[in-house]
Amino acid sequence: MTEIEIRLARELPAYAARVLEALEAAGYEAWVVGGWVRDALLGASGHDVDVTTSAPWQETARVLRAAGIEVHETGTAHGTVTAVVDGSPVETTTYRVEGAYSDRRHPDEVRFVTDVREDLARRDFTVNAMAFHPKRGLLDPFDGEKDLAARVIRAVGEPRRRFEEDALRVLRAVRFACRLDATIEPATQAALVTCAPELSEIAQERIGQEMDGILATGHAAWALRHEFSVLCVAVPELAPMAGFDQKSPYHAHDVLEHTARVCAGVEEFTGGRPMAALRWAALLHDVAKPACWSEDVSGRGHFFGHPEEGARVARRVMERLAIPREVVRAACALVRLHDFEIRATAPSMRRMLAELEALAPGQARELAFALLDLKRSDAVAKAPACMGYAVELDAMSAVLRRELAGGGVWRARDLAVGGADVIRERGVDPGPGVGMVLAQLLAAVMAGEVKNEREALLAWLRW
(Lines give C-alpha, C1' and ligand atoms only; values in the text may rest on other atoms or scores of the structure.)
Protein backbone atom coordinates (compact mmCIF):
# COMPACT_ATOMS: atom_id res chain seq x y z
CA MET A 1 0.00 0.00 0.00
CA THR A 2 1.04 3.61 -0.49
CA GLU A 3 2.01 5.91 2.36
CA ILE A 4 -1.38 7.64 2.07
CA GLU A 5 -3.22 4.31 2.29
CA ILE A 6 -1.17 3.33 5.33
CA ARG A 7 -2.09 6.64 6.97
CA LEU A 8 -5.79 6.12 6.20
CA ALA A 9 -5.65 2.60 7.65
CA ARG A 10 -4.11 4.03 10.81
CA GLU A 11 -6.75 6.77 11.07
CA LEU A 12 -9.79 4.58 10.39
CA PRO A 13 -11.83 4.52 13.63
CA ALA A 14 -11.83 1.18 15.42
CA TYR A 15 -15.63 1.06 15.50
CA ALA A 16 -15.75 1.23 11.67
CA ALA A 17 -13.02 -1.39 11.35
CA ARG A 18 -15.06 -3.69 13.57
CA VAL A 19 -18.02 -3.50 11.18
CA LEU A 20 -15.77 -4.29 8.21
CA GLU A 21 -14.16 -7.21 10.03
CA ALA A 22 -17.49 -8.73 11.10
CA LEU A 23 -18.91 -8.66 7.57
CA GLU A 24 -15.78 -10.02 5.95
CA ALA A 25 -15.39 -12.77 8.55
CA ALA A 26 -18.84 -13.93 7.41
CA GLY A 27 -17.64 -14.12 3.79
CA TYR A 28 -18.91 -10.78 2.49
CA GLU A 29 -16.98 -7.85 1.05
CA ALA A 30 -17.14 -4.41 2.69
CA TRP A 31 -15.59 -0.99 2.14
CA VAL A 32 -15.62 2.43 3.77
CA VAL A 33 -17.10 4.98 1.34
CA GLY A 34 -18.17 8.59 1.02
CA GLY A 35 -17.21 11.60 3.05
CA TRP A 36 -14.80 9.87 5.43
CA VAL A 37 -12.60 8.74 2.54
CA ARG A 38 -12.66 12.18 0.90
CA ASP A 39 -11.90 14.07 4.08
CA ALA A 40 -9.26 11.60 5.24
CA LEU A 41 -7.38 12.06 1.97
CA LEU A 42 -7.40 15.79 2.73
CA GLY A 43 -5.93 15.11 6.16
CA ALA A 44 -9.16 15.87 8.00
CA SER A 45 -10.70 12.49 8.75
CA GLY A 46 -13.90 12.72 10.73
CA HIS A 47 -15.98 10.48 12.97
CA ASP A 48 -18.90 9.83 10.59
CA VAL A 49 -18.10 6.64 8.68
CA ASP A 50 -20.29 4.93 6.06
CA VAL A 51 -19.77 1.35 4.93
CA THR A 52 -20.97 -0.40 1.79
CA THR A 53 -21.08 -4.17 1.50
CA SER A 54 -21.96 -7.06 -0.80
CA ALA A 55 -24.20 -8.49 1.94
CA PRO A 56 -27.98 -8.06 1.57
CA TRP A 57 -29.26 -5.86 4.35
CA GLN A 58 -30.94 -8.79 6.10
CA GLU A 59 -27.59 -10.61 6.19
CA THR A 60 -25.81 -7.45 7.29
CA ALA A 61 -28.16 -7.15 10.25
CA ARG A 62 -27.84 -10.86 11.12
CA VAL A 63 -24.05 -10.92 10.87
CA LEU A 64 -23.52 -7.75 12.90
CA ARG A 65 -25.93 -8.81 15.63
CA ALA A 66 -24.20 -12.17 15.82
CA ALA A 67 -20.96 -10.27 16.37
CA GLY A 68 -22.52 -8.44 19.32
CA ILE A 69 -23.10 -5.19 17.44
CA GLU A 70 -26.30 -3.21 17.94
CA VAL A 71 -28.24 -2.77 14.67
CA HIS A 72 -31.11 -0.45 13.70
CA GLU A 73 -33.04 -1.03 10.47
CA THR A 74 -33.04 2.62 9.39
CA GLY A 75 -33.45 2.46 5.61
CA THR A 76 -34.02 -1.09 4.51
CA ALA A 77 -35.88 -0.07 1.34
CA HIS A 78 -32.51 1.26 0.15
CA GLY A 79 -30.50 -1.53 1.75
CA THR A 80 -29.36 0.48 4.77
CA VAL A 81 -29.02 -0.50 8.40
CA THR A 82 -27.19 1.46 11.09
CA ALA A 83 -24.66 -0.35 13.22
CA VAL A 84 -23.81 1.18 16.60
CA VAL A 85 -20.38 0.32 17.97
CA ASP A 86 -19.24 1.87 21.25
CA GLY A 87 -21.90 4.54 20.82
CA SER A 88 -20.81 5.47 17.29
CA PRO A 89 -23.23 4.91 14.37
CA VAL A 90 -22.00 3.38 11.12
CA GLU A 91 -24.48 3.43 8.24
CA THR A 92 -24.04 0.18 6.34
CA THR A 93 -25.61 -0.21 2.90
CA THR A 94 -25.75 -3.01 0.35
CA TYR A 95 -24.08 -2.31 -3.01
CA ARG A 96 -26.80 -0.86 -5.21
CA VAL A 97 -27.65 0.89 -8.44
CA GLU A 98 -30.64 3.11 -8.97
CA GLY A 99 -33.31 3.44 -11.62
CA ALA A 100 -34.88 6.60 -13.06
CA TYR A 101 -35.62 9.62 -10.84
CA SER A 102 -39.14 10.71 -11.85
CA ASP A 103 -39.35 13.28 -9.07
CA ARG A 104 -35.76 14.54 -9.65
CA ARG A 105 -34.91 13.52 -6.10
CA HIS A 106 -35.60 9.86 -5.29
CA PRO A 107 -34.95 6.78 -7.44
CA ASP A 108 -38.03 4.98 -8.72
CA GLU A 109 -36.32 1.70 -7.95
CA VAL A 110 -33.21 0.41 -6.24
CA ARG A 111 -31.46 -2.72 -7.48
CA PHE A 112 -28.87 -4.44 -5.34
CA VAL A 113 -25.65 -5.60 -7.00
CA THR A 114 -22.52 -7.51 -6.06
CA ASP A 115 -19.78 -5.27 -7.50
CA VAL A 116 -18.71 -2.24 -5.49
CA ARG A 117 -17.65 -0.48 -8.71
CA GLU A 118 -21.27 -0.42 -9.87
CA ASP A 119 -22.21 1.17 -6.56
CA LEU A 120 -19.52 3.85 -6.91
CA ALA A 121 -20.66 4.60 -10.47
CA ARG A 122 -24.06 5.84 -9.22
CA ARG A 123 -22.55 8.50 -6.95
CA ASP A 124 -22.57 12.23 -7.65
CA PHE A 125 -18.97 13.48 -7.90
CA THR A 126 -15.65 11.76 -8.34
CA VAL A 127 -14.38 13.04 -4.99
CA ASN A 128 -17.28 11.17 -3.36
CA ALA A 129 -16.93 8.00 -5.44
CA MET A 130 -13.97 6.37 -3.71
CA ALA A 131 -13.86 3.37 -1.39
CA PHE A 132 -11.25 2.38 1.15
CA HIS A 133 -10.29 -0.81 2.95
CA PRO A 134 -7.52 -0.95 5.57
CA LYS A 135 -5.98 -4.02 3.86
CA ARG A 136 -6.93 -3.58 0.19
CA GLY A 137 -6.27 0.15 0.12
CA LEU A 138 -8.01 2.81 -1.98
CA LEU A 139 -10.44 1.88 -4.75
CA ASP A 140 -10.74 4.88 -7.08
CA PRO A 141 -12.22 3.98 -10.48
CA PHE A 142 -13.05 7.60 -11.43
CA ASP A 143 -9.81 9.35 -10.40
CA GLY A 144 -11.41 11.07 -7.44
CA GLU A 145 -8.09 11.32 -5.61
CA LYS A 146 -6.60 13.18 -8.58
CA ASP A 147 -9.56 15.58 -8.73
CA LEU A 148 -9.38 16.10 -4.99
CA ALA A 149 -5.70 17.01 -5.19
CA ALA A 150 -6.42 19.40 -8.08
CA ARG A 151 -9.45 20.85 -6.26
CA VAL A 152 -11.85 19.98 -9.09
CA ILE A 153 -15.52 19.02 -8.77
CA ARG A 154 -16.39 16.60 -11.58
CA ALA A 155 -19.56 14.56 -12.02
CA VAL A 156 -19.27 10.80 -12.18
CA GLY A 157 -20.04 9.72 -15.72
CA GLU A 158 -22.30 11.93 -17.84
CA PRO A 159 -22.88 15.16 -15.86
CA ARG A 160 -26.37 16.00 -17.08
CA ARG A 161 -27.60 12.53 -16.20
CA ARG A 162 -26.28 12.95 -12.64
CA PHE A 163 -28.15 16.23 -12.18
CA GLU A 164 -31.31 14.99 -13.85
CA GLU A 165 -31.34 12.05 -11.43
CA ASP A 166 -31.27 14.37 -8.42
CA ALA A 167 -31.65 18.12 -8.98
CA LEU A 168 -30.38 18.85 -5.48
CA ARG A 169 -26.94 17.83 -6.74
CA VAL A 170 -26.83 21.20 -8.50
CA LEU A 171 -26.52 22.92 -5.12
CA ARG A 172 -24.35 20.13 -3.74
CA ALA A 173 -21.83 20.83 -6.50
CA VAL A 174 -21.70 24.47 -5.45
CA ARG A 175 -21.41 23.52 -1.78
CA PHE A 176 -18.54 21.12 -2.41
CA ALA A 177 -16.77 23.67 -4.60
CA CYS A 178 -17.05 26.19 -1.77
CA ARG A 179 -16.07 23.74 0.95
CA LEU A 180 -13.06 22.36 -0.91
CA ASP A 181 -12.02 25.70 -2.42
CA ALA A 182 -12.42 23.99 -5.78
CA THR A 183 -13.44 24.82 -9.32
CA ILE A 184 -16.20 23.01 -11.17
CA GLU A 185 -15.08 21.11 -14.28
CA PRO A 186 -16.50 22.77 -17.46
CA ALA A 187 -18.82 19.95 -18.58
CA THR A 188 -20.13 19.59 -15.03
CA GLN A 189 -20.60 23.36 -14.80
CA ALA A 190 -22.54 23.49 -18.07
CA ALA A 191 -24.80 20.68 -16.94
CA LEU A 192 -25.54 22.16 -13.54
CA VAL A 193 -26.54 25.50 -15.11
CA THR A 194 -28.78 23.69 -17.59
CA CYS A 195 -30.38 21.59 -14.86
CA ALA A 196 -30.67 24.32 -12.21
CA PRO A 197 -34.34 25.12 -13.07
CA GLU A 198 -35.23 21.60 -11.93
CA LEU A 199 -34.53 22.74 -8.37
CA SER A 200 -38.09 24.07 -8.44
CA GLU A 201 -39.22 20.46 -8.00
CA ILE A 202 -37.16 19.99 -4.83
CA ALA A 203 -38.57 20.48 -1.34
CA GLN A 204 -37.72 23.93 0.00
CA GLU A 205 -36.40 22.43 3.23
CA ARG A 206 -33.75 20.48 1.29
CA ILE A 207 -32.78 23.61 -0.64
CA GLY A 208 -32.50 25.43 2.67
CA GLN A 209 -30.13 22.79 4.02
CA GLU A 210 -27.86 23.15 1.00
CA MET A 211 -27.96 26.97 1.09
CA ASP A 212 -27.14 26.90 4.78
CA GLY A 213 -24.29 24.54 3.97
CA ILE A 214 -22.96 26.88 1.27
CA LEU A 215 -22.96 29.80 3.70
CA ALA A 216 -21.33 27.65 6.38
CA THR A 217 -18.29 27.05 4.15
CA GLY A 218 -17.37 30.73 4.46
CA HIS A 219 -17.19 31.05 0.65
CA ALA A 220 -20.57 32.59 -0.11
CA ALA A 221 -18.80 35.42 -1.95
CA TRP A 222 -17.35 32.92 -4.42
CA ALA A 223 -20.76 31.33 -4.92
CA LEU A 224 -22.38 34.70 -5.59
CA ARG A 225 -19.74 35.63 -8.15
CA HIS A 226 -19.40 32.28 -9.92
CA GLU A 227 -22.69 30.42 -9.41
CA PHE A 228 -25.22 33.25 -9.19
CA SER A 229 -27.53 31.74 -11.81
CA VAL A 230 -27.83 28.63 -9.64
CA LEU A 231 -28.35 30.54 -6.39
CA CYS A 232 -31.09 32.58 -8.04
CA VAL A 233 -33.08 29.44 -8.74
CA ALA A 234 -32.69 28.39 -5.13
CA VAL A 235 -33.51 31.89 -3.81
CA PRO A 236 -35.28 33.90 -6.55
CA GLU A 237 -35.29 37.02 -4.37
CA LEU A 238 -31.56 37.37 -5.07
CA ALA A 239 -31.98 37.79 -8.82
CA PRO A 240 -32.69 41.57 -8.97
CA MET A 241 -29.34 42.33 -7.29
CA ALA A 242 -27.29 41.46 -10.37
CA GLY A 243 -26.25 44.54 -12.33
CA PHE A 244 -28.38 46.88 -10.19
CA ASP A 245 -26.60 50.24 -10.38
CA GLN A 246 -27.04 52.00 -7.05
CA LYS A 247 -26.25 55.45 -8.52
CA SER A 248 -24.91 56.55 -5.17
CA PRO A 249 -21.67 58.29 -4.16
CA TYR A 250 -21.53 55.83 -1.28
CA HIS A 251 -21.33 52.78 -3.52
CA ALA A 252 -18.74 51.74 -6.09
CA HIS A 253 -20.42 48.41 -6.95
CA ASP A 254 -23.78 47.04 -7.99
CA VAL A 255 -25.89 45.39 -5.29
CA LEU A 256 -24.63 41.89 -6.14
CA GLU A 257 -20.92 42.69 -5.95
CA HIS A 258 -21.50 44.77 -2.82
CA THR A 259 -23.28 41.79 -1.23
CA ALA A 260 -20.46 39.43 -2.20
CA ARG A 261 -17.96 41.78 -0.57
CA VAL A 262 -20.05 41.97 2.60
CA CYS A 263 -20.23 38.16 2.74
CA ALA A 264 -16.43 38.04 2.43
CA GLY A 265 -16.10 40.81 5.01
CA VAL A 266 -18.00 39.04 7.78
CA GLU A 267 -15.70 36.06 7.34
CA GLU A 268 -12.63 38.31 7.53
CA PHE A 269 -13.74 40.33 10.53
CA THR A 270 -14.81 37.29 12.56
CA GLY A 271 -11.79 35.16 11.77
CA GLY A 272 -13.93 32.84 9.66
CA ARG A 273 -16.28 32.04 12.53
CA PRO A 274 -19.37 34.24 12.20
CA MET A 275 -22.62 33.00 13.67
CA ALA A 276 -25.07 31.51 11.15
CA ALA A 277 -27.40 34.50 11.52
CA LEU A 278 -24.64 36.90 10.52
CA ARG A 279 -23.90 34.90 7.37
CA TRP A 280 -27.56 34.95 6.38
CA ALA A 281 -27.80 38.66 7.19
CA ALA A 282 -24.77 39.41 5.03
CA LEU A 283 -26.41 37.58 2.12
CA LEU A 284 -29.80 39.26 2.52
CA HIS A 285 -29.06 42.67 4.09
CA ASP A 286 -29.65 44.55 0.82
CA VAL A 287 -32.07 42.10 -0.80
CA ALA A 288 -34.83 44.75 -0.85
CA LYS A 289 -32.76 47.56 -2.37
CA PRO A 290 -33.98 47.06 -5.95
CA ALA A 291 -37.62 47.16 -4.79
CA CYS A 292 -37.04 50.26 -2.64
CA TRP A 293 -35.00 52.23 -5.18
CA SER A 294 -35.89 55.78 -6.16
CA GLU A 295 -34.01 58.49 -8.02
CA ASP A 296 -33.98 62.18 -7.15
CA VAL A 297 -33.85 65.08 -9.61
CA SER A 298 -30.06 65.02 -9.61
CA GLY A 299 -30.00 61.37 -10.71
CA ARG A 300 -28.84 60.06 -7.35
CA GLY A 301 -30.31 56.76 -6.16
CA HIS A 302 -31.99 56.26 -2.77
CA PHE A 303 -33.28 53.16 -0.98
CA PHE A 304 -35.64 54.52 1.64
CA GLY A 305 -37.01 51.81 3.91
CA HIS A 306 -34.86 49.01 2.52
CA PRO A 307 -33.71 47.71 5.96
CA GLU A 308 -37.31 47.26 7.11
CA GLU A 309 -38.44 45.70 3.84
CA GLY A 310 -35.24 43.65 3.70
CA ALA A 311 -36.03 42.15 7.10
CA ARG A 312 -39.49 41.18 5.84
CA VAL A 313 -38.06 39.58 2.71
CA ALA A 314 -35.34 37.82 4.71
CA ARG A 315 -37.94 36.36 7.04
CA ARG A 316 -40.02 35.13 4.12
CA VAL A 317 -37.00 33.54 2.43
CA MET A 318 -35.59 31.88 5.54
CA GLU A 319 -38.92 30.58 6.80
CA ARG A 320 -39.66 29.14 3.35
CA LEU A 321 -36.29 27.36 3.48
CA ALA A 322 -37.05 26.03 6.99
CA ILE A 323 -34.04 27.71 8.61
CA PRO A 324 -34.21 27.35 12.44
CA ARG A 325 -36.46 29.92 14.07
CA GLU A 326 -33.81 31.45 16.31
CA VAL A 327 -31.48 31.96 13.34
CA VAL A 328 -34.29 33.59 11.36
CA ARG A 329 -35.14 35.96 14.21
CA ALA A 330 -31.50 36.93 14.73
CA ALA A 331 -30.71 37.37 11.03
CA CYS A 332 -33.80 39.53 10.49
CA ALA A 333 -32.81 41.70 13.45
CA LEU A 334 -29.40 42.27 11.88
CA VAL A 335 -30.89 43.07 8.48
CA ARG A 336 -33.40 45.44 10.07
CA LEU A 337 -30.69 47.33 11.97
CA HIS A 338 -27.76 47.23 9.56
CA ASP A 339 -28.25 50.96 8.83
CA PHE A 340 -29.17 51.85 12.42
CA GLU A 341 -27.25 54.94 13.48
CA ILE A 342 -24.86 54.38 16.38
CA ARG A 343 -22.07 56.34 18.03
CA ALA A 344 -19.15 55.47 20.28
CA THR A 345 -21.03 56.37 23.46
CA ALA A 346 -22.55 54.27 26.21
CA PRO A 347 -26.12 55.60 25.65
CA SER A 348 -25.87 54.74 21.95
CA MET A 349 -24.72 51.20 22.74
CA ARG A 350 -27.63 50.81 25.16
CA ARG A 351 -30.10 51.93 22.50
CA MET A 352 -28.62 49.43 20.04
CA LEU A 353 -28.89 46.64 22.60
CA ALA A 354 -32.48 47.59 23.38
CA GLU A 355 -33.42 47.54 19.68
CA LEU A 356 -31.81 44.11 19.26
CA GLU A 357 -33.55 42.83 22.38
CA ALA A 358 -36.93 43.94 21.02
CA LEU A 359 -36.33 42.15 17.71
CA ALA A 360 -34.56 39.04 19.04
CA PRO A 361 -35.29 38.58 22.75
CA GLY A 362 -32.43 37.02 24.67
CA GLN A 363 -29.90 37.41 21.85
CA ALA A 364 -28.98 41.10 22.14
CA ARG A 365 -25.55 40.60 23.71
CA GLU A 366 -24.11 38.36 20.99
CA LEU A 367 -26.00 40.09 18.20
CA ALA A 368 -24.54 43.46 19.20
CA PHE A 369 -21.07 42.35 18.15
CA ALA A 370 -22.47 40.65 15.05
CA LEU A 371 -24.21 43.89 14.06
CA LEU A 372 -20.95 45.82 14.39
CA ASP A 373 -19.24 43.22 12.20
CA LEU A 374 -22.02 43.51 9.63
CA LYS A 375 -21.71 47.29 9.65
CA ARG A 376 -17.93 47.04 9.36
CA SER A 377 -18.22 44.67 6.40
CA ASP A 378 -20.84 46.92 4.82
CA ALA A 379 -18.52 49.92 5.13
CA VAL A 380 -15.51 48.33 3.45
CA ALA A 381 -17.74 47.07 0.63
CA LYS A 382 -18.88 50.58 -0.31
CA ALA A 383 -17.02 53.39 -2.06
CA PRO A 384 -13.45 54.11 -0.83
CA ALA A 385 -14.60 57.28 0.92
CA CYS A 386 -16.84 55.22 3.21
CA MET A 387 -14.25 52.73 4.38
CA GLY A 388 -13.05 54.92 7.23
CA TYR A 389 -16.29 54.14 9.05
CA ALA A 390 -14.89 50.68 9.74
CA VAL A 391 -12.25 52.31 11.98
CA GLU A 392 -14.94 54.25 13.84
CA LEU A 393 -16.68 50.94 14.49
CA ASP A 394 -13.58 49.73 16.33
CA ALA A 395 -14.13 52.51 18.86
CA MET A 396 -17.79 51.52 19.14
CA SER A 397 -16.78 47.92 19.81
CA ALA A 398 -14.55 49.09 22.66
CA VAL A 399 -17.42 51.09 24.18
CA LEU A 400 -19.74 48.10 23.83
CA ARG A 401 -17.28 45.82 25.61
CA ARG A 402 -16.92 48.32 28.46
CA GLU A 403 -20.68 48.71 28.72
CA LEU A 404 -21.28 44.97 28.90
CA ALA A 405 -18.41 44.44 31.34
CA GLY A 406 -19.92 47.07 33.59
CA GLY A 407 -23.32 45.36 33.65
CA GLY A 408 -24.96 47.29 30.82
CA VAL A 409 -28.68 47.93 31.05
CA TRP A 410 -31.04 47.61 28.09
CA ARG A 411 -33.95 45.64 29.58
CA ALA A 412 -36.30 46.54 32.40
CA ARG A 413 -35.29 43.37 34.22
CA ASP A 414 -31.70 44.66 34.31
CA LEU A 415 -32.72 47.57 36.54
CA ALA A 416 -31.66 47.51 40.18
CA VAL A 417 -35.31 47.99 41.17
CA GLY A 418 -38.46 46.10 40.20
CA GLY A 419 -42.22 46.27 40.08
CA ALA A 420 -42.64 45.97 43.84
CA ASP A 421 -40.47 49.06 44.31
CA VAL A 422 -42.61 51.01 41.84
CA ILE A 423 -45.81 50.01 43.62
CA ARG A 424 -44.39 50.98 47.01
CA GLU A 425 -42.71 54.23 46.04
CA ARG A 426 -45.29 55.49 43.55
CA GLY A 427 -48.38 54.09 45.24
CA VAL A 428 -49.71 52.64 41.98
CA ASP A 429 -51.78 49.50 41.70
CA PRO A 430 -50.33 46.35 40.11
CA GLY A 431 -50.95 46.34 36.37
CA PRO A 432 -49.83 48.01 33.13
CA GLY A 433 -48.99 51.25 34.96
CA VAL A 434 -46.08 49.54 36.70
CA GLY A 435 -44.58 48.51 33.37
CA MET A 436 -44.96 52.04 32.03
CA VAL A 437 -43.04 53.49 34.96
CA LEU A 438 -40.28 50.90 34.60
CA ALA A 439 -40.04 51.70 30.87
CA GLN A 440 -39.62 55.40 31.68
CA LEU A 441 -36.99 54.58 34.29
CA LEU A 442 -35.14 52.32 31.83
CA ALA A 443 -35.12 55.11 29.26
CA ALA A 444 -33.60 57.48 31.83
CA VAL A 445 -30.88 54.95 32.73
CA MET A 446 -30.09 54.22 29.07
CA ALA A 447 -29.78 57.94 28.38
CA GLY A 448 -27.32 58.30 31.23
CA GLU A 449 -29.65 60.54 33.26
CA VAL A 450 -29.54 58.27 36.30
CA LYS A 451 -27.18 55.49 37.35
CA ASN A 452 -28.41 51.93 37.64
CA GLU A 453 -27.88 51.92 41.39
CA ARG A 454 -30.70 51.01 43.72
CA GLU A 455 -30.67 54.15 45.85
CA ALA A 456 -30.44 56.41 42.80
CA LEU A 457 -33.35 54.59 41.15
CA LEU A 458 -35.47 54.75 44.29
CA ALA A 459 -34.79 58.48 44.50
CA TRP A 460 -35.95 58.81 40.88
CA LEU A 461 -39.15 56.94 41.73
CA ARG A 462 -39.86 59.22 44.70
CA TRP A 463 -39.28 62.37 42.67
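**Entry 1: helix α14**

I began with α14 and looked up which of its residues are buried. A277, L278, R279, W280, A281, A282, L283 and L284 are. I worked on a predicted model, so I keep that in mind throughout. Of the 9 residues of α14, 8 are buried, so the rest of the structure largely encloses this helix. I noted the cut-off for that word: buried means under 20% relative accessible area.

Next I asked what covers the buried residues of α14. I found that the cover includes α10, α11, α13, α16, α17 and α19. I wrote down where some of these run: α11 spans 220–226, α16 spans 306–320, and α17 spans 325–337. Helix α19 covers 364–380.

**Entry 2: α10 against α14**

I picked one of these neighbours, α10, which holds residues 204–216. At what angle do α10 and α14 pack? I read about 95 degrees, with the axes 10 Å apart. Angles of 65 to 115 degrees count as roughly perpendicular. The two helices α10 and α14 are therefore roughly perpendicular to each other.

Then I listed who touches whom. From α10 come M211, D212, L215 and A216. From α14 come R279, W280 and L283. I sorted the residues of this contact by type: 5 are nonpolar, none is polar and 2 are charged.

**Entry 3: a cavity**

I then turned to empty space. Rolling a probe the size of a water molecule over the atoms shows where such space is left. How many cavities of 30 Å³ or more does a search of the whole structure find? It finds 1. I noted a volume of about 40 Å³ for the largest cavity.

Which residues line the largest cavity? I listed L215, A220, C263, V266, E267, R279 and A282. Two elements give two or more residues to this lining: α13 (255–269) and α14 (276–284). Helix α13 gives the most, with 3 residues. By type, I counted 5 nonpolar residues, no polar ones and 2 charged ones in the lining.

I saw two names come back here. L215 and R279 are in the contact of α10 with α14, and L215 and R279 also line the largest cavity.

**Entry 4: the whole protein**

Last, I stepped back. The protein has 23 helices and 13 strands. Its C-alpha atoms fill a box of roughly 90 × 60 × 40 Å along the principal axes. Of its 463 residues, 51% count as buried. I also checked contacts in the protein with a separation of 6 or more: residues 24 or more positions apart account for 64% of them.

Key
Residues are numbered from 1 along each chain as its sequence is written. This is a predicted model: local features need pLDDT of at least 70, side-chain atom pairs count only at pLDDT 80 or more; totals for chains, interfaces and linings use all residues. Side-chain values use heavy atoms; hydrogens and water are left out. On a 1 Å grid over the protein atoms alone, a cavity is a set of points where a 1.4 Å probe fits but cannot get out, and a pocket is an open set with protein on both sides within 12 Å along at least five of seven lines; lining residues have an atom within 4 Å of a point. Grid points are joined across faces, edges and corners, and a volume is the space filled by probe spheres set on the points. Helices (H or I, at least four residues) and strands (E, at least two) are DSSP runs, numbered from the N terminus. Ala, Val, Leu, Ile, Met, Phe, Trp, Tyr, Cys and Pro count as nonpolar, Asp, Glu, Lys and Arg as charged, and the others, Gly among them, as polar. Axes are lines fitted to C-alpha atoms, for helices over the stretch in contact, and angles run from 0 to 180 degrees between N-to-C directions. Angles under 35 degrees count as roughly parallel, over 145 as roughly antiparallel, 65 to 115 as roughly perpendicular and the rest as oblique. Contact means heavy atoms within 4.5 Å. Buried means under 20% relative accessible area, exposed over 50%, partly exposed in between (1.4 Å probe, protein chains only).
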